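Please open the structure in your viewer and keep the selection panel at hand.

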Amino acid sequence: MDANTNPTPTPRLRQLAILAMLGSVAIYGVNFVISRHAVLNGFTPFDLAALRFGFSGLILLPLFLRQGGFSDCAGVGWGRGILLAIMSGAPMSLLQMTGLSLAPAAHGATIGPGIVALISLLGGVYLFGGTITRQAIFGLAIVLAGLACFALGATSAPTRDVLLGDLCFFLMAIIWGGYPLAVQKWRIDPLVATSVLCVLSMLSLIH
């Protein structure tokens, strides 16, 4: 089988994938609210990133070392490892937390996932030869309509801080949208990829 050929998922795997995506959406949506509350009550974006990757980096360090450790970045290679850490590690998290310190959580929860959905759809077509179905077009239209309505409402009385926060969310979504595409393209085990980005992010936040 060609290295870039993806096997057709079974119905069970498709159901598990849908459940995983729904779970990630729920966790990520709650994350915006909790993080917004934290940055408004004494925590800095760096504090939250350190909490996030300090604990996860330590927990996943044994797996990172078992997969090859620092010699080849847990078997994925340093170039790929650094890119994974940028796309879903400390840089992405700092952009998100900075945005939440400037703009409402609803902005991040709308801009981030909406743009990520667009990147995933278009990236899937370009990288994996996927086709855009009618259902995908319908979903894409809903996402674009939602983003357009949000943009119109957000520009009614924007402040400099809110606009900067929205820019942070936009940049966060751009880099984060590439993460699942990269993991799938490079065929990296999701747990190994998570260990790489968490460990590298933990080390980058040490000072």
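Two residues are said to be in contact when they have heavy atoms within 4.5 Å of each other. The model is predicted, so local features need pLDDT of at least 70 and side-chain atom pairs count only at pLDDT 80 or more, while totals for chains, interfaces and linings use all residues. Residues are numbered from 1 along each chain as its sequence is written, and side-chain values use heavy atoms, with hydrogens and water left out.

**First stop: Gln96**

Select Gln96, which lies in helix α4; helices are DSSP runs (H or I, at least four residues), numbered from the N terminus. Is Gln96 buried or exposed? Gln96 is buried, with a relative accessible area of 0%; buried means under 20% relative accessible area, exposed over 50%, and partly exposed in between (1.4 Å probe, protein chains only). Now display the residues in contact with Gln96, leaving aside its neighbours within four places in sequence: Tyr28, Asn31, Phe32, Ser35, Arg52, Phe169 and Met172.

**Second stop: helix α3**

Next, select residues 78-88, which form helix α3. Which residues of α3 are buried? They are Gly81, Leu84, Ala85, Met87 and Ser88. These buried residues pack against α2 (45-66), α4 (90-102), α7 (160-185) and α8 (190-204).

Two packed helices are described by the angle between their axes and the distance between the axes. Select α2 and α8, which pack at an angle of about 125°, with their axes 8 Å apart. Axes are lines fitted to C-alpha atoms, for helices over the stretch in contact, and angles run from 0 to 180 degrees between N-to-C directions. The helices α2 and α8 are therefore oblique to each other; angles under 35 degrees count as roughly parallel, over 145 as roughly antiparallel, 65 to 115 as roughly perpendicular and the rest as oblique. Colour the residues that make the contact, including Phe53, Gly54 and Ser56 of α2 and Leu191, Val192 and Thr194 of α8.

Most residues other than glycine have a negative phi. Select Cys73, in the loop between α2 and α3. Although Cys73 is not a glycine, it has a positive phi of about 55°. Cys73 is buried, with a relative accessible area of 0%. Finally, select Ala74, found in the loop between α2 and α3. Ala74 has a positive phi of about 60° although it is not a glycine, and Ala74 is buried, with a relative accessible area of 3%.

Key
Helices (H or I, at least four residues) and strands (E, at least two) are DSSP runs, numbered from the N terminus.
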